[in-house]
Amino acid sequence: MTALVDYLLRLGDDRLVLGHRLSEWCGHGPILEEDIALTNVALDLVGQAANFLRLAGQLEGRGRDEDALAYFRDALEFRNVKLVELPNGDYARTIVRQFLFDAWSVLLLERLQQVRQAELAGIAAKAYKEARYHVRHSGEWVLRFGDGTAESHQRAQAALDELWSYTGELFATDAVDRELAGIGVPDPAELAPRWGEVVSDVVRRATLTLPADGYQQSGGRQGRHTEYLGHLLAEMQILARSHPGVSW
């Protein structure tokens, strides 16, 4: 597997898994308008995933399209970060997780528009427009929770404290990143300072407290996941695996 295919799987899997997680809120959002808004974010992420996975399948040359890559790989073959596979929890937890991811995603997609691989740059350009809305949406909700009631503040802070140890994986550099530096793929570590500034600003304005740096989770990029991914994939893949080859 080439480094570029592996990288595209990472981009696709992050968004596919998170999109599926967000879809679990459909029909259960706190208010109708937000229910629709978060469902649209989920659809955006799944659409982005389809584009990244489609290109991965084409470059891989093994006859696998985006559906095959989404529905017929096991957990060990997925390359998403652990952050996106964690259970939703309450709405504050979902929003904090979304903001931490969105603040990273928009910075990455901004840079990927400049890569010297036309198809990847084109997909990134389209996704970047959506990501700008996503980070604005999730950031505004972090402010509402943090600077709202005592209960909403406590829930948002608890979520931030719990999820913080999963953010370091977003900025870990490995051989795939180093190999693709020649076509303009950014070193993940280069995004950390700007991400930190964006997150710190929103957290401060939300009257929340940034957790202290400490142990950081890792392994998702290498297929070492939490127990939650297997359960998520069982639900997401059951229809395709129960009726292989069916189209509609």
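Good morning, colleagues. Please keep in mind throughout that the structure before you is a predicted model.

I begin with the overall architecture. The secondary structure of the protein chain amounts to 9 helices and 0 strands. Along the sequence, the pattern reads α-α-α-α-α-α-α-α-α. The radius of gyration is 18 Å, close to the 18 Å that the globule rule gives for 248 residues, so the chain is as compact as a globular protein of that length. Along the principal axes, the C-alpha atoms occupy a box of roughly 55 × 40 × 30 Å.

How much of the chain is buried? Of the 248 residues, 54% count as buried. The accessible surface is about 11500 Å², and carbon and sulfur atoms contribute 54% of that surface. As for contacts with a separation of 6 or more, 81% of them join residues 24 or more positions apart.

The largest nonpolar core holds 76 residues, and Leu 100, Leu 112 and Trp 195 have the most contacts inside it. Helix α4, residues 91–112, gives the most to this core, with 14 residues. Which residues does Leu 100 touch? Setting aside residues up to four places away in sequence, Leu 100 touches Leu 83, Leu 160, Leu 163, Trp 164, Thr 167, Leu 170, Trp 195 and Val 199.

In α1, 20 of the 21 residues are buried. The end C-alpha atoms of α1 are 30 Å apart, which agrees with the 30 Å that its 21 residues should span at 1.5 Å a residue.

Helix α9, residues 227–242, has 16 residues and reaches 22 Å from its first C-alpha to its last, close to the 22 Å expected.

Trp 25 lies in the loop between α1 and α2. Is Trp 25 buried or exposed? Its relative accessible area is 15%, and since buried means under 20%, Trp 25 is buried. Beyond its neighbours within four places in sequence, Trp 25 is in contact with Asp 35, Leu 38, Asn 88, Gly 89, Asp 90, Tyr 91 and Thr 94. Tyr 91 is 66 residues from Trp 25 along the chain, while their C-alpha atoms are separated by 8.9 Å.

The second residue is Thr 207, in the loop between α8 and α9. Its phi is near 60°, a positive value in a residue other than glycine. Most residues other than glycine have a negative phi. Thr 207 is partly exposed, with a relative accessible area of 41%. Not counting residues up to four places away in sequence, Thr 207 touches Gly 146, Asp 147 and His 153. The C-alpha atoms of Thr 207 and Val 115, 92 residues apart along the chain, are separated by 38 Å.

Thank you for your attention.

Note on methods. Residues numbered from 1 in each chain as written. Predicted model: local features only at pLDDT ≥ 70, side-chain atom pairs only at ≥ 80, totals over all residues. Heavy atoms only, no water. Helix = DSSP H or I, 4+ residues; strand = E, 2+ residues; numbered from the N terminus. Expected span 1.5 Å × (residues − 1). Buried < 20%, exposed > 50% of the residue type's maximum accessible area, 1.4 Å probe, protein only. Core = buried A, V, L, I, M, F, W, Y, C linked by side-chain atoms within 4.5 Å. Contact = heavy atoms within 4.5 Å. Rg over C-alpha atoms; globule rule 2.2 N^0.38 Å. Areas by Shrake-Rupley, 256 points an atom, 1.4 Å probe, with all protein chains shown as cover.
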